[in-house]
Amino acid sequence: MNNLKISNSLTRSKDLFKPINPKNITMYVCGPTVYADPHVGNGRSLIVFDLLYRVLIKLYGQKNITYVRNITDVDDKIIETSKTKGIPIDKITSDAAKNFHKNVKDLNCLEPTIEPKATKHIKEMIKMIDSLIEKKLAYLNNGHVYFLISEFKNYGKLSNKKLDDLVPGSRVEVSKLKKNPLDFILWKPALTDEPSWDSPWGRGRPGWHLECSVMSEKYLGKTFDIHGGGLDLLFPHHENEIAQSCANNSTDVLANYWIHNGFLTMNKEKMSKSLGNLETISEVSGKYNGQAIRLALLSAHYKQPLEWSDNLLEQSKATLEKWYELYDEAESNIDNSEIFSCLLDDLNTPKYFAKLHELYNVASKGDKTKRVEFNEACRLIGIFNQKKDVLAKEKQDLSNVDKKYILQKIEERIKARKVGDFKLADKIRDELSKNGIAIKDKDNNTEWEYK
């Protein structure tokens, strides 16, 4: 019996999951805008919804789930990056998409059923805009097409915001072309050196919010089960998706369950490009096994903020290495319903990990049945996907990468000491110490060792 409960942003409660059609579970998750390498905050969203996908597979079977995760390959950020770096847009998007897929593989995320690209759906987007204009739900002004917020009475229901309380400019584009400051762009004219397509309103490109509405409808229908993404997408992106889709289709609901994962923080501040406190997935996977990163990102409940640190990664690395002592190559279909029930309770990974530690303690004393259970419970959350010898080799490779990093930092420290910048020298020593490296100055040389 399915008793999966999920925190639903739409109802602001933990709801029992009741699919529209148990033979075709439908889930749409906002994927990357391909202009830069994904950071670990993006990685958290990837892993959270990969875990939900795995839970749904166990409940309903993979053939009964349609999981769509899009790629946004036309966007202002992509154009701006291309102009700033002097690199063609096609190369920006293809390189970023390639790195994204490598990160997905490193984190052992399952492939979605469908991975649509925005640029392959421009005709459908133009068709939807045309429909909105015809229904007087959108208007044209100087080559721009805007959605008319005043015609959608439920705006703000998902984010629990009232129109009168919303301040123009707060994540909302300000423009004199709008009838209402909250009206959002559906189509915009493009400059001669920007990507553009022919439309009834002139050459231009679609708005970001429209892209997801069109792709979700094409592959999942006008109303589907689950829509997911990071908490930062709740407003205005997801709110605008609901407005344009429901208004155009005369429906009350776009998705029945809206799921949002919490932010990653560094030093108690939200991890974001604007604050510059980022670590990319590629940078972290150069120092840690992807399974350790995965454990770290699942260590807190997905709805809660997660403080990202070297200490968290070291703890996850140590846990992974300990658990791998009980790794078995053979897979099994053993019943592990007791531990699985933790995930049915709104993906409660902290409780699941506590149960895993208990299983490990019993299995390590020679209980063969518990050892099989332990292995299957690890595989269920996306770890134990590498054999012991592969993990050991990768560990050695990571140590080699670490050596380059260590020697570079020691050289920087020597230079700092030579110019009398002892504050920087101490900072580098502390940074190495946090990464498990002990250094010692001896006879004008610096020696180091792993702690």
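Predicted model: local features only at pLDDT ≥ 70, side-chain atom pairs only at ≥ 80, totals over all residues.
Two strands are taken to pair if DSSP finds at least two bridges between them.

Strands of a sheet pair through backbone hydrogen bonds, either parallel or antiparallel. Here, S5 and S6 (residues 144–147) run antiparallel and are joined by four bridges. Within this pair, tyrosine 139 stands opposite tyrosine 146 in S6.

Attention now turns to the charged side chains. Side chains of opposite charge can pair when their charged atoms come close. With a cut-off of 4 Å between a side-chain nitrogen of Lys or Arg and a carboxyl oxygen of Asp or Glu, the count comes to 24 salt bridges.

One of these salt bridges is formed by lysine 83 and glutamate 194, whose closest N and O atoms are 3.0 Å apart. This pair links distant parts of the chain: lysine 83 belongs to helix H2 (residues 76–85), while glutamate 194 sits in the loop between S7 (185–189) and S8, 111 residues apart. The two partners can also be described by their accessibility. Lysine 83 is partly exposed, at a relative accessible area of 44%, whereas glutamate 194, at 12%, is buried, because the cut-off for buried is under 20%.

A second salt bridge brings together the side chains of lysine 91 and aspartate 95, at 3.0 Å from N to O. Both residues lie in helix H3 (residues 89–106), and because they are four residues apart, about one helical turn separates them. Lysine 91 is partly exposed, with a relative accessible area of 43%, and aspartate 95 is partly exposed as well, with 33%.

Glutamate 279 and lysine 287 form a further salt bridge, in which the closest N and O atoms are 4.0 Å apart. Of this pair, glutamate 279 is buried, having a relative accessible area of 15%. Finally, salt bridges that share partners join Asp76, Lys83, Lys188, Glu194 and Arg205 into one network.

Methods: Residues numbered from 1 in each chain as written. Heavy atoms only, no water. Helix = DSSP H or I, 4+ residues; strand = E, 2+ residues; numbered from the N terminus. Buried < 20%, exposed > 50% of the residue type's maximum accessible area, 1.4 Å probe, protein only.
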